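The structure comes first, and the notes follow it.

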Amino acid sequence: MRRAIFTEDHDAFRDSVRQFIDRTARPRAEEMIREHSIPREVWLEAGRQGLLGLSIPEEYGGSSAQDYRFNAVLAEEQSRLSAAFSSCMGIHSDVCPPYLVAHGTEEQKQRWLPGIASGEQIIAIAMTEPSGGSDLAALKTTAVRDGEEWVINGSKTFITNGHSCDLAIVAARTDPTAGAKGITLFVLEAGTQGFTKGEPLDKVGQDEADTCELFFTDVRVSDEHRLGAEGRGFILMMEHLTQERVGAAVSNVAHAAQILSETLDYVKERKAFGQAIGAFQHNKFLLAELVTKIDVTQAFVDQCVLAHGEGDLTPVDAAKAKWWSAHVQGEVLDACVQLYGGYGFMNEYRVARAWRDARVTRIWAGSNEIMKEIIGRDLGLG
C-alpha cells in the first residue's frame with residue numbers, strides 16, 4: 001500500500017540519507033560488528049550531513065526540522081542497514097537532544113548541543129539500573145548536595161553508546177523519601193573524576209552497539225550540570241519516553257520490512273524439489289501473512305508519527321505502537337530464519353543477525369509487558 005504521510009521534501013531527504021549510508025556506513029558494516037562500535041568518522045560525517053541535529057535548533061548547530069516525519073525517515077533508513085546502527089544513532093539524535101532543548105539552560109544548550117549536532121560529542125541516556133529494569137521509579141543512584149556541588153554515586157547498565165559517550169544524561173535520586181518525585185536529571189561529561197565505563201557488554205545481538213555499564217563513584221559536579229528542576233526527573237523521563245517509543249516502533253517496522261524484502265528475493269531463487277521454495281503453498285501463505293502484518297502495522301505506526309508531529313500522540317498509543325511493532329518484528333524475522341533453512345542460522349547471513357538483533361526490542365524502551373500494563377490501566381482495569 002502506498003504510504004501517504006510523506007512529501008517530496010521527505011523523499012529527497014530519504015535519498016540523501018541512503019546516499020550517506022551507502023557511502024559511509026555500509027562499507028564499514030563488518031568493521032562495526034567486529035569492533036562493537038560505530039567509528040568516530042561515521043559520527044562526524046553524519047554530523048556534516050546534518051543527520052544528527054534534526055531535533056536541535058539552528059542557533060545551536062542543528063537543522064531544527066520541526067517535522068517528526070524527517071526523524072522517522074532517518075530512523076527507517078538507518079534500520080534498513082541494521083537495528084543496532086539505528087539504535088545508536090537514534091539515542092544520540094532523536095532521544096537525547098529533546099531533553100536539552102526543552103529543559104536545558106541557555107548555557108547548557110550552548111555548551112553541549114553544537115557538539116551533539118556535529119557528532120563531536122556522542123551522548124547517551126542512563127536510566128536503567130542493574131536491580132531496576134523497567135521500574136525507573138525505583139532507581140538507587142544518588143545525588144547528594146554538598147555546598148554548591150552534587151555528589152553522585154551509583155551505576156547504570158545496558159547503556160547504548162555507553163562506552164563511546166562523551167556526555168550522559170543520568171537519572172539520580174536526590175530525595176530518598178519522595179519516591180518518583182525525588183529523581184533529578186544530570187548531564188555528566190566523560191572524563192569527570194569518578195565517572196567510569198565498563199567494557200562493552202557481551203550481548204546476544206546488536207553487535208555494533210557499544211552497550212555497557214556506567215559507574216559513578218563520588219562524582220562531583222556543579223549545579224550547572226543539573227538538567228531541569230530538582231525532583232522533576234521522573235516526570236521528564238515519562239514525557240520524553242513517548243518519542244522514544246514511537247521512534248522504536250518506526251525502527252522495528254522498517255527493520256523487519258527490509259529483511260522480509262530480502263527473504264522474498266531469496267525464496268524466489270532458492271530451489272527445492274524442482275521449484276522455488278516460495279512457490280510451495282505453505283510458504284506462499286506464510287509470506288502473504290507476513291506482508292499483510294507489516295503493512296497493517298506500518299499504517300498504525302504512520303498515524304502515530306503524524307500524531308506525534310502534531311503533539312497529539314498519547315503515551316497509550318505510543319505504548320501500543322511500541323509493543324505491537326516489536327511483536328510483529330519478532331514474528332516476521334523468526335519466519336524469515338525458517339525460510340532460509342540452515343543458512344538462516346548462520347551469522348554470515350543478514351537474516352540471522354537481524355533475528356538476534358530484534359529480540360531486545362520486546363524488552364527495551366519499556367518491556368512489552370509494561371506497555372500492556374499502560375494500555376490496560378487506560379482501559380480502567382486498575
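Strand E4 (residues 167–173) pairs with strand E5 (residues 183–189) through seven bridges, and the two run antiparallel. Strands pair if DSSP finds at least two bridges between them; helices (H or I, at least four residues) and strands (E, at least two) are DSSP runs, numbered from the N terminus. This is a predicted model, in which local features need pLDDT of at least 70 and side-chain atom pairs count only at pLDDT 80 or more, while totals for chains, interfaces and linings use all residues. Residues are numbered from 1 along each chain as its sequence is written, and side-chain values use heavy atoms, with hydrogens and water left out.

**Strand E4 and its partners**
- Ile-123 has Leu-167 in E4 as its bridge partner.
- Seven of the seven residues of E4 are buried, so the strand is largely enclosed by the rest of the structure; buried means under 20% relative accessible area, exposed over 50% and partly exposed in between (1.4 Å probe, protein chains only).
- Leu-167, Ile-169, Ala-171 and Arg-173 point one way from E4, Ala-168, Val-170 and Ala-172 point the other way, and all are buried.

**Strand E7 and its partners**
- Strand E3 (residues 149–159) pairs with strand E7 (residues 212–222) over eight bridges in the antiparallel sense.
- Ser-155 has Phe-215 in E7 as its bridge partner.
- Strand E6 (residues 195–197) is joined to E7 by three bridges, also antiparallel.
- Phe-195 has Phe-216 in E7 as its bridge partner.

**Cysteines**
- The whole structure has zero disulfides (pairs of cysteine sulfur atoms within 2.5 Å).
- Cys-165 is in no disulfide, and the nearest cysteine sulfur, that of Cys-212, is 6.8 Å away.
- Cys-165 is buried at 1% relative accessibility, and Cys-212 is buried at 0%.

**Helices H8 and H10**
- The axes of H8 (residues 233–269) and H10 (residues 315–340) come within 8 Å and cross at roughly 20°; axes are lines fitted to C-alpha atoms, for helices over the stretch in contact, with angles from 0 to 180 degrees between N-to-C directions.
- H8 and H10 are therefore roughly parallel to each other (angles under 35 degrees; over 145 is roughly antiparallel, 65 to 115 roughly perpendicular and the rest oblique).
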